[in-house]
Amino acid sequence: LRGHTGGVTAVAMDSGGRMLCTGGADCSVHLWRLADGKCVRRLRGYSGDVSSVHLCANGALYTGCYDGTARVWDLSQMKCTQTLHNHSGGILCLVVSPQGSEVYTSSFDAAVLCWRVSDGRCVRKLSGHSGPVLAMVMSADGEMLFYGSSSQVLVWSISKGKRVATLNGHAGQIRVLRIARGGTVLLSGSDDSTVRVWNINLRVDDGACESSCLQVLRSHANSVECITTSTCGDAICSGSKDGNLHAW
C-alpha cells in the first residue's frame, strides 16, 4: 500500500478486516480498502505526525497527533466531529472505551487525560505517574486502564476513578501493553529487553485488581517495541529494536 509521503506511524484495522487505517509522518490519515489495496480517503489538516489511530465498529475513527490534538471522525460523512485539545505536548497514545463514549490520551507533557466524546470536554486527569506514558491499554469491559509509568504498570479503575494496583518487575521504560486471553492476561514489553506475562483478576465488587507475574520472556537484546498474540492467546510475538521478531 503506497500513498504516504512520510513514514507510517500508526496502523489500525476494522473488526471486519475490510478497511485499514494508517497515520503518517506526512501529517495525514489514509483509509485503505483491503480487497483491492486502494486508498479510498485521505484525511488532512494535521500539523504533526499522526501517532495513534483507532477504528470503532460504530463507524467512528479516533486519531492522536504530535500537534497535541485528538480528533473524532464520522466516517459515514468523512467529517471531523470533535477536536480534543488540552495537552501542551504531542499525543503519544490514545485508547477508546468499548462504548466509544470516552477517550484517554497520553502526551509528551506527561499528562493522561480522559475526554467525554459527546461534548469534547476533558473530564478527568489521571495522577500517580511520573514522566510521559508511552503505552496504554483498556480491559475489554472498559473497567480498567493499564498504563506504563517508567518501569511500572499502573492500573486505574474507571468506575472508582483511582489507581488500584501497581505492577512492578521491569527494569526499564514500559514500551508496549497488550491484553490477551479474554482479558485475563496482560503482556508488557520494556526497554529492559523482556516481555512479562501478568495474570489479571479484576474484582467487580470493589473495583480492585489482583495480579501476579506468571512469566518473564528473555531473549531479545534490545528494547521490546511491539507485541501481538494469536486469537486464543496461546502464542505471542514480540518485536524489538534488536531487529528480531520472536515467537513464544
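Me: How is a disulfide defined here, and how many are there by this rule?

Reply: A disulfide is a pair of cysteine sulfur atoms within 2.5 Å. This is a predicted model, and by that rule the count is zero disulfides.

Me: What does a disulfide consist of in general? And which cysteine sulfur is closest to that of cysteine 56?

Reply: In general, it is a covalent bond that joins the sulfur atoms of two cysteines. Here the closest sulfur to that of cysteine 56 belongs to cysteine 21, and at 11 Å it is too far away for a bond. Cysteine 56 is also buried, with 17% relative accessibility.

Me: Let's move on to sheets. What holds the strands of a sheet together?

Reply: Strands pair through backbone hydrogen bonds, and the pairing can be parallel or antiparallel. For a case here, follow β13-β14-β15-β16: in that order, these four strands make an open sheet with antiparallel pairing. The edges are β13 (136-138) and β16 (162-167); each has a single partner strand, so one side of each has no neighbour in the sheet. Neighbouring strands of this sheet are turned against each other by 25° on average, direction ignored.

Me: How many bridges join β15 and β16?

Reply: Five bridges, in the antiparallel sense, with β15 covering residues 152-157.

Me: Now salt bridges. How many are there, and where should I look?

Reply: Look for a side-chain nitrogen of Lys or Arg within 4 Å of a carboxyl oxygen of Asp or Glu. The count by this rule is four. Among them is aspartate 36 with arginine 33, whose closest N and O atoms are 2.8 Å apart. Aspartate 36 is partly exposed at 47% relative accessibility, and arginine 33 is partly exposed at 32%. Another joins aspartate 119 to arginine 116, at 2.7 Å from N to O.

Me: Which parts of the chain does the pair of aspartate 191 and arginine 175 link?

Reply: These two side chains meet in a salt bridge of 2.8 Å, N to O. The pair links distant parts of the chain, 16 residues apart: aspartate 191 is in the loop between β18 (185-190) and β19 (194-203), and arginine 175 is in strand β17.

Me: Finally, which residues form the nonpolar surface patch?

Reply: Leu1, Met13 and Leu34, with about 290 Å² of accessible area together. Leucine 34 sits in the loop between β3 (29-33) and β4 (38-43) and is partly exposed, at 32% relative accessible area.

Methods. Residues are numbered from 1 along each chain as its sequence is written. This is a predicted model: local features need pLDDT of at least 70, side-chain atom pairs count only at pLDDT 80 or more; totals for chains, interfaces and linings use all residues. Side-chain values use heavy atoms; hydrogens and water are left out. Patches are made of residues with over 30% relative accessible area and no salt bridge: like charges are joined within 9 Å, nonpolar side chains (Val, Leu, Ile, Met, Phe, Trp, Tyr) within 5 Å. Accessible areas come from the Shrake-Rupley method with a 1.4 Å probe; for residues, only the protein chains shown count as cover. Helices (H or I, at least four residues) and strands (E, at least two) are DSSP runs, numbered from the N terminus. Buried means under 20% relative accessible area, exposed over 50%, partly exposed in between (1.4 Å probe, protein chains only). Two strands pair if DSSP finds at least two bridges between them. Axes are lines fitted to C-alpha atoms, for helices over the stretch in contact, and angles run from 0 to 180 degrees between N-to-C directions.
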